[in-house]
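Subject: Structure for your files, with notes

Hello,

Here is the structure I said I would pass on. Please look it over before reading the notes below it.

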Amino acid sequence: MDDAKVKAENVIGGPLESCCTSPMTGFYRDGSCHTGPQDRGVHVVCAQLTDAFLRYTKAQGNDLSAPQPLYNFPGLKPGDKWCLCAARWKEAMDDGVAPPVVLASTHKAALQHVSLEDLKAHSV
């Protein structure tokens, strides 16, 4: 694991904790919301998915509930935890359907897109 991943911080100033390993999440599919130059979507918000959010993101053109076997993606269901794109989470928040956030597992890079106050207001 590279130094950036080892030293990654969460939005509350501690070490970045794992988000979910079943299903395996994260841009790097390592269970954590690590980010790097290749992660153009900034998949850094660890969220516990809701039915409302899954319907919302599908309507926006990103169907997270449909399995994609070609990409070894099982499809997600309400209750699953997943590293979401920070901009999509904020968009969902602005539209009133943001899923709850796990602060200890949300990378500090999320703060470039959304405020800590908003994340705390939606924390698990």
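This is a predicted model: local features need pLDDT of at least 70, side-chain atom pairs count only at pLDDT 80 or more; totals for chains, interfaces and linings use all residues.

Residues are numbered from 1 along each chain as its sequence is written, and side-chain values use heavy atoms, with hydrogens and water left out.

Cores

A nonpolar core here is a set of buried Ala, Val, Leu, Ile, Met, Phe, Trp, Tyr and Cys residues joined through side-chain atoms within 4.5 Å. Buried stands for under 20% relative accessible area, exposed for over 50%, and partly exposed for what lies in between (1.4 Å probe, protein chains only). Helices (H or I, at least four residues) and strands (E, at least two) are DSSP runs, numbered from the N terminus.

The largest nonpolar core has 25 residues, and L84, W89 and L119 are the ones that touch the most other members. Two or more residues come from each of β1 (43-48), α2 (51-59), β2 (81-85) and α3 (86-94). Helix α3 contributes the most, four residues. For L119, the contacts (heavy atoms within 4.5 Å) beyond four places in sequence are V11, W89, V101, L103, A110, L111 and V114. There is also a second, separate core of six residues, with C20, C33, C46 and C83 among them.

Aromatic pairs

Rings of Phe, Tyr and Trp (for Trp, the six-membered ring) pair if their centres lie within 6.5 Å; planes under 30 degrees apart count as stacked, over 60 as edge-to-face and the rest as tilted. Searching the whole structure gives three aromatic pairs. One of these pairs, F53 with Y56, is tilted, at 6.4 Å centre to centre and 35° between the planes. Both residues sit in helix α2, three residues apart, or about one turn of the helix. F53 and Y56 are both buried.

Another pair joins F73 and W82 in an edge-to-face arrangement, with 5.5 Å from centre to centre and 70° between the planes. F73 counts as buried because its relative accessibility is 11%. W82 is buried too, because its relative accessible area is 5%.

Packing of α2 and α3

Axes are lines fitted to C-alpha atoms, for helices over the stretch in contact, and angles run from 0 to 180 degrees between N-to-C directions. The axes of α2 and α3 are 11 Å apart, and the two helices pack at an angle of about 110°. That angle makes α2 roughly perpendicular to α3, on a scale where under 35 degrees is roughly parallel, over 145 roughly antiparallel, 65 to 115 roughly perpendicular and the rest oblique. The crossing of α2 past α3 is right-handed; a crossing is left-handed if the near helix is turned anticlockwise from the far one by less than a right angle, and right-handed if clockwise. On the α2 side F53, Y56 and T57 take part, and they meet R88, E91 and A92 in α3.

N62 belongs to the loop between α2 and β2. Leaving out neighbours within four places in sequence, N62 is in contact with T57 and R88. With a relative accessible area of 35%, N62 is partly exposed.

Backbone and other residues

- The peptide bond from S22 to P23 is cis, with omega near 5°.
- R29, in this loop, is not a glycine but has a positive phi near 50°. It is partly exposed, at 43% relative accessibility.
- V42, also in this loop, has a positive phi of about 55° although it is not a glycine either. At 17% relative accessibility, V42 is buried.

K120 is in helix α4 (residues 116-121) and is partly exposed, at a relative accessible area of 46%. Not counting residues up to four places away in sequence, K120 touches I12 and L103. Its C-alpha atom is separated by 15 Å from that of D94, 26 residues apart along the chain.

Regards
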